[in-house]
Amino acid sequence: MDAKDFKYINNSEAKKVLSVNVDNISADDLLGFILLPEDKIEALVNLAAKIKEQYVGNTVYYRGLIEYSNICAKNCLYCGIRACNNKVERYELNEDEVVNAARFAAEHHYASIVIQAGERTDSLFTSKIARLISKIHSETGNKLKITLSLGEQSEETYRLWRDCGAQRYLLRIESASEDLYRKLHPADGKHSYKKRIEAIESLRKLEYQVGSGVMIGLPFQTPQHLVNDLLFLKDFDIDMVGMGPYIEHHETPLYEHRALLLPKNERFLLGIKMVAALRILMKDINIAATTAMQALHPKGREMAIVAGANVIMPNITPLKYRKDYLLYEDKPCTDEDSEKCLKCLEKRIATTGNQIGYDSWGDSKHFTNRKNS
Ligand code: SAH
Ligand code: SF4
């Protein structure tokens, strides 16, 4: 974010912004939310909290996160595990490690898991994932819903994985504005905005529950970019959103632009405003309280839940690999095993007045409503 572009609105304008018609949110309203001064954020959060309670209830659903591999063929300029970062020790879990993590989720009543990794499209990888999905289902009695977060793939691969039993897919657009997208990715023929959009469209066509999202507080990002992001998620009728603050990583090319960034506390509050604005705009979707929120504030995920999020992704990757899956610096939950993470999260969620949806898939209501309409 170029701090120069970022001017908070004054008190009387804030009053107007907060008396919006929530059933008819305009681009101007969204811009107003984003530019609210700090002392008005609580009012925005209260509005979003009411909408959350009314449309999706005060239940938070768990998705056990398995960071399957940090091997990646891509070079996104912001990401710590990009292919060219040769300081990363690369790993890939074996089948037993993945199945055991999935079993942990099932036994602890999580009901859903996410398999995330760097992007690979080779057939060795795609067939391994297919086998894993089938094996997880057979070993856990088809109790778990499986979300994948494995980047851009061909329609055939998405179909294969769906046919093996993956029901949800997360593919962030990162930034919905093509100009900014280009600044975040190398022009090497492997990173195309158009292909990203086509991948999201394939997922939709194949009837996945489709998740997307963006990074917040990026260098070069303006408030208008963030408005475009929110409108993109609405226009694409996205079912689930994971978005969180951009956090710099010193072994990445984007690090050189760190002087353009908002201070971490302001970036965090911008994240909270975005979550609240999205809940007001897209009332019945699932929104994740992302780990990146907690990287910038010790109570970041709890605050995101209060501001409208209703999904959380406890890390269930075997502990020894966690330090090697550093998309960004200061990533939390890298030194506590899955059991400890669970206890810590239970306590944290209790402070928000939300309950945990154990044994419940917590499908996106938006997806269900979309299917039934
Ligand atoms: N390779 C897959 C999944 C792993 S990356 C993919 O790219 O879709 C998952 C997400 O991590 C990305 O979508 C990106 O939004 C986020 N991420 C990567 N680097 C980050 C950083 N420096 N700060 C915050 N989020 C980051
Ligand atoms: Fe690879 Fe995903 Fe990181 Fe891009 S964001 S470098 S695709 S892991």
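1. The shell around ligand 2 consists, by class, of five nonpolar, one polar and three charged residues, where Ala, Val, Leu, Ile, Met, Phe, Trp, Tyr, Cys and Pro count as nonpolar, Asp, Glu, Lys and Arg as charged, and the others, Gly among them, as polar. The residues concerned are C72, K74, C76, Y78, C79, I81, R82, G118 and E119, a residue being near a molecule if one of its heavy atoms lies within 4 Å of it.

2. This is a predicted model, in which local features need pLDDT of at least 70 and side-chain atom pairs count only at pLDDT 80 or more, whereas totals for chains, interfaces and linings use all residues. Residues are numbered from 1 along each chain as its sequence is written, chains are lettered from A and ligands numbered from 1 in the order in which they are written, and side-chain values use heavy atoms, with hydrogens and water left out.

3. Which residues come nearest to ligand 1? Of the 18 residues around ligand 1, these are Y78, A117, R172, E174 and I247, and the shell as a whole divides into 10 nonpolar, four polar and four charged residues. A polar side-chain atom of E174 lies 2.6 Å from an oxygen atom of ligand 1, while nitrogen of the ligand is found 3.0 Å from a polar backbone atom of Y78 and 2.8 Å from a polar backbone atom of I247. Taken alone, ligand 1 exposes 540 Å², of which the protein buries 92%, the areas coming from the Shrake-Rupley method with a 1.4 Å probe.

4. N70 sits in the loop between strand 2 (64-69) and helix 4, and with a relative accessible area of 0% it is buried, that is, under 20% relative accessible area (1.4 Å probe, protein chains only). Its side chain reaches the backbone oxygen of E89 at 2.9 Å, and a polar atom of that side chain lies 2.8 Å from the backbone nitrogen of Y91. Not counting residues up to four places away in sequence, N70 touches I81, V88, E89, R90, Y91, D324 and Y325, contact meaning heavy atoms within 4.5 Å.

5. H108 belongs to the loop between helix 4 (95-107) and strand 3 (112-117), and it counts as buried because its relative accessibility is 18%. A polar atom of the H108 side chain lies 2.8 Å from the backbone oxygen of F104, and, leaving aside neighbours within four places in sequence, H108 is in contact with E339, L342 and Y358.

6. At the start of helix 8, a side-chain oxygen of S192 comes to within 3.3 Å of the backbone nitrogen of K194.

Notes
Polar contact = N/O pair within 3.5 Å; in protein donor to acceptor, adjacent residues only side chain to side chain. Helix = DSSP H or I, 4+ residues; strand = E, 2+ residues; numbered from the N terminus. Buried < 20%, exposed > 50% of the residue type's maximum accessible area, 1.4 Å probe, protein only.
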